[in-house]
Amino acid sequence: MGTGPVSPLISIIVPVWEDDQLVAELVKGLTGTSELCEWIVVAVRPGEVLRDLDRDGAIRLISCDEPSRGKQQNLGAAVARGELLCFHHADSELRPEHLAALVRVAKDGEVVGGAFHRRFILRECYGESHWSGVSTGWLDLCSAINRYL
């Protein structure tokens, strides 16, 4: 009797509207996570860069007919195979330590939900002069995540 494919622990669901290149950079920045997580990208009019990632097996691409963050997230959640659903945005940071924190939190039976935690930084650091949201230490799951970061 054979076993089927192993389901990932984390499904990262990314709603996209004209952020194709940001998604490509996000996915490529987290290499070596294919057994831990799956990328589900729900895009309005996806471009070639997303279609290439889908063909290469790096993401599962779902097309959406109109920009609607809620609809896109629901479409992604409907096909997710992970034990944890992580709704993430292409313009926010996601590092290996964030995924490691999720893994640790998943083992804590008292944690059942979570939310984003944001810090805003000046983009002047990057050569631009306006504010930009960058998600850092982005999870605060029922205030328990702080134990794990």
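User: How many helices and strands are in the protein chain?
Analyst: The protein chain of this predicted model has four helices and six strands, and read from the N terminus the elements follow the order β-α-β-α-β-α-β-α-β-β.

User: And what share of the residues is buried?
Analyst: Of the 149 residues in the protein chain, 40% are buried. The chain exposes about 8,800 Å², and carbon and sulfur atoms supply 51% of that area.

User: Let's look at α3. Which residues are buried there?
Analyst: Helix α3 covers residues 69-79, and its buried residues are Q72, Q73 and G76. Looking down the axis of α3, these buried residues lie within an arc of 95°, so they line one face of the helix.

User: Which exposed residues sit on the face turned away from the buried side of α3?
Analyst: That face of α3 carries N74 and A78, both of which are exposed.

User: Which residues are buried in α4?
Analyst: In α4, which runs over residues 96-106, the buried residues are H98, L99, A101, L102 and V105. Around the axis they cover an arc of only 155°, which puts them on the same side of α4.

User: New topic: at what angle do α1 and α2 pack?
Analyst: Helix α1 (residues 20-28) and helix α2 (residues 48-55) pack at an angle of about 35°, and their axes are 8 Å apart. Those two values are given because two packed helices are described by the angle and the distance between their axes.

User: Which residues meet there?
Analyst: From α1 the residues are D20, Q21, V23, A24 and K28, and they meet V49, L50 and L53 of α2. Sorted by class, the contact of α1 with α2 has five nonpolar residues, one polar residue and two charged residues.

User: How many disulfides does the structure hold?
Analyst: The structure holds zero disulfides. A disulfide is a covalent bond between the sulfur atoms of two cysteines. For C86, the nearest cysteine sulfur is that of C37, and it lies 8.8 Å away, whereas a disulfide needs the two sulfur atoms within 2.5 Å.

User: Is C86 buried or exposed?
Analyst: C86 counts as buried, because its relative accessibility is 4% and the cut-off for buried is under 20%. Another cysteine, C64, is also buried, with a relative accessible area of 6%.

Note on methods. Residues are numbered from 1 along each chain as its sequence is written. This is a predicted model: local features need pLDDT of at least 70, side-chain atom pairs count only at pLDDT 80 or more; totals for chains, interfaces and linings use all residues. Side-chain values use heavy atoms; hydrogens and water are left out. Buried means under 20% relative accessible area, exposed over 50%, partly exposed in between (1.4 Å probe, protein chains only). Helices (H or I, at least four residues) and strands (E, at least two) are DSSP runs, numbered from the N terminus. The arc is that of the directions from the helix axis to the C-beta atoms. Axes are lines fitted to C-alpha atoms, for helices over the stretch in contact, and angles run from 0 to 180 degrees between N-to-C directions. Contact means heavy atoms within 4.5 Å. Ala, Val, Leu, Ile, Met, Phe, Trp, Tyr, Cys and Pro count as nonpolar, Asp, Glu, Lys and Arg as charged, and the others, Gly among them, as polar. Accessible areas come from the Shrake-Rupley method with a 1.4 Å probe; for residues, only the protein chains shown count as cover.
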